[in-house]
Amino acid sequence: MEKVLEHYERYSYAEKQLKVPDSHVNAQTNWSVEYSRLKAKIELLERNQRHYLGEDLESISIKELQNLEQQLDTSLKHIRSRKNQLMHESLNHLQRKEKEILEENSMLAKQIRERESILRTHQNQSEQQNRSHHVAPQPQPQLNPYMASSPFLNMG
């Protein structure tokens, strides 16, 4: 229906331009033709909008109703397809993000293990150094057991 009206308006507009030779009159005619074309298009769009909203359906023929139903079905399929596409893209994005987070998590766990290993190594080394410095001093050989008991007898 819309195509028929646009087709008619296009040809009637082209005809009117051919008939009017004067540029001023031609410009005026162009504006009036443009106005009537736009007005008809607005009316058609408003009528279609009412039909899509389920209003003013009494004046529609069975064929137009079937056309309307087909248009609605096509639009619903397109909307569902777009929705599925967006959900699929979102799912892919979330899966990539999950993979990145898991990789980062494993990297951080590896760093923690390495630092714990280094810390254990340092602790073992410091414990070994502490053991070697805290070894009990060996006793000095004593010549006379009586001399060790009295510091005054230790002369010379």
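Analyst: Helices are taken here as DSSP runs of H or I with at least four residues, numbered from the N terminus. On that basis, His-51 is placed in helix α2, which covers residues 23-52. The model is a predicted one, and the protein chain has a mean pLDDT of 81, with 73% of its residues at 70 or more.

Buried residues account for 8% of the 156 residues in the chain. His-51 is counted as buried because its relative accessibility is 8%, and the cut-off for that class is under 20%. Leaving aside residues up to four places away in sequence, His-51 touches Asp-56, Leu-57, Ser-59, Ile-60 and Leu-68. Of contacts in the chain between residues at least 6 apart in sequence, 29% join residues at least 24 apart.

One of the residues that His-51 touches, Asp-56, also takes part in a salt bridge: its side chain meets that of Arg-50 at 3.7 Å, N to O. Both partners are partly exposed, since Asp-56 has a relative accessibility of 32% and Arg-50 likewise has a relative accessible area of 32%.

The count of salt bridges comes to four, and two others can be described for context. In helix α2, which also holds His-51, Glu-34 pairs with Arg-37, the closest N and O atoms being 2.8 Å apart. These two residues lie three apart in that helix, about one turn. Glu-34 is partly exposed because its relative accessibility is 25%, and Arg-37 falls in the partly exposed class because its relative accessible area is 27%.

In helix α3, Glu-116 and Arg-120 are four residues apart, so about one helical turn separates them. Their salt bridge has its closest N and O atoms 3.9 Å apart, while the cut-off for counting such a pair is within 4 Å. Glu-116, at 39% relative accessibility, counts as partly exposed, and Arg-120 is partly exposed with a relative accessible area of 48%.

For the chain overall, the accessible surface comes to about 14,600 Å², of which carbon and sulfur atoms hold 56%.

Notes. Residues are numbered from 1 along each chain as its sequence is written. This is a predicted model: local features need pLDDT of at least 70, side-chain atom pairs count only at pLDDT 80 or more; totals for chains, interfaces and linings use all residues. Side-chain values use heavy atoms; hydrogens and water are left out. pLDDT is the predictor's confidence in each residue, from 0 to 100. Buried means under 20% relative accessible area, exposed over 50%, partly exposed in between (1.4 Å probe, protein chains only). Contact means heavy atoms within 4.5 Å. Accessible areas come from the Shrake-Rupley method with a 1.4 Å probe; for residues, only the protein chains shown count as cover.
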